[in-house]
Amino acid sequence: LQRYEQAISLFLQALKLLPLCADVKDKTEAEQNAIGIHQNLGISYNALGDFSNALSASQRQLDCGLIAKDQTAQCRANYGIGMAYNNMFKYDDALSYLTKSTEQAESIGF
């Protein structure tokens, strides 16, 4: 079932709880949770055709991946950014991010 609106609402609620989790739990776990939530937000927004919010979510995913030094998350975020640009008909930007994602995937064996 495609319940993207409900999923987005729940993901946004989860993001509000992350600062609380970061105080109590391992910082790495909070970073990974943030990465996953932003990735899922990007996927959900893309599915709804809300490419601007998909782009923003993927960019936040990339920021979190850079902070966490998580190359897999960075690779996936660059893919999400590239797909959002592609869906917005910004093909030069899309190509740049999709190329970066492919290069990252090859370098980490993903």
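Is I35 buried or exposed? In this predicted model, I35 has a relative accessible area of 5%; buried means under 20%, so I35 is buried. The residue lies in helix α2, which covers residues 27-48.

**Surroundings of I35**
- Leaving aside residues up to four places away in sequence, I35 touches Q61, C64, G65, A68, D70 and A73.
- Between I35 and Q61 the C-alpha to C-alpha distance is 5.1 Å, while the two are 26 residues apart in sequence.

**The largest nonpolar core**
- This core has 19 residues, and those that touch the most other members are I35, L41, Y45, L55, I81 and Y85.
- Two or more residues come from each of α1 (4-24), α2, α3 (51-68) and α4 (71-87).
- The element that gives the most to the core is α3, with six residues.
- L55 touches I81, A84, Y85 and M88, again not counting residues up to four places away in sequence.

**Helix α3**
- The buried residues in α3 are A54, L55, A57, S58, Q61, L62, C64, G65 and A68.
- α3 has 18 residues, so at 1.5 Å a residue it should span 26 Å; the C-alpha atoms at its ends are 25 Å apart, which agrees.
- K69 follows α3 and has a positive phi, near 55°.

Note on methods. Residues are numbered from 1 along each chain as its sequence is written. This is a predicted model: local features need pLDDT of at least 70, side-chain atom pairs count only at pLDDT 80 or more; totals for chains, interfaces and linings use all residues. Side-chain values use heavy atoms; hydrogens and water are left out. Helices (H or I, at least four residues) and strands (E, at least two) are DSSP runs, numbered from the N terminus. Buried means under 20% relative accessible area, exposed over 50%, partly exposed in between (1.4 Å probe, protein chains only). Contact means heavy atoms within 4.5 Å. A nonpolar core is a set of buried Ala, Val, Leu, Ile, Met, Phe, Trp, Tyr and Cys residues joined through side-chain atoms within 4.5 Å. The expected span of a helix is 1.5 Å times one less than its number of residues.
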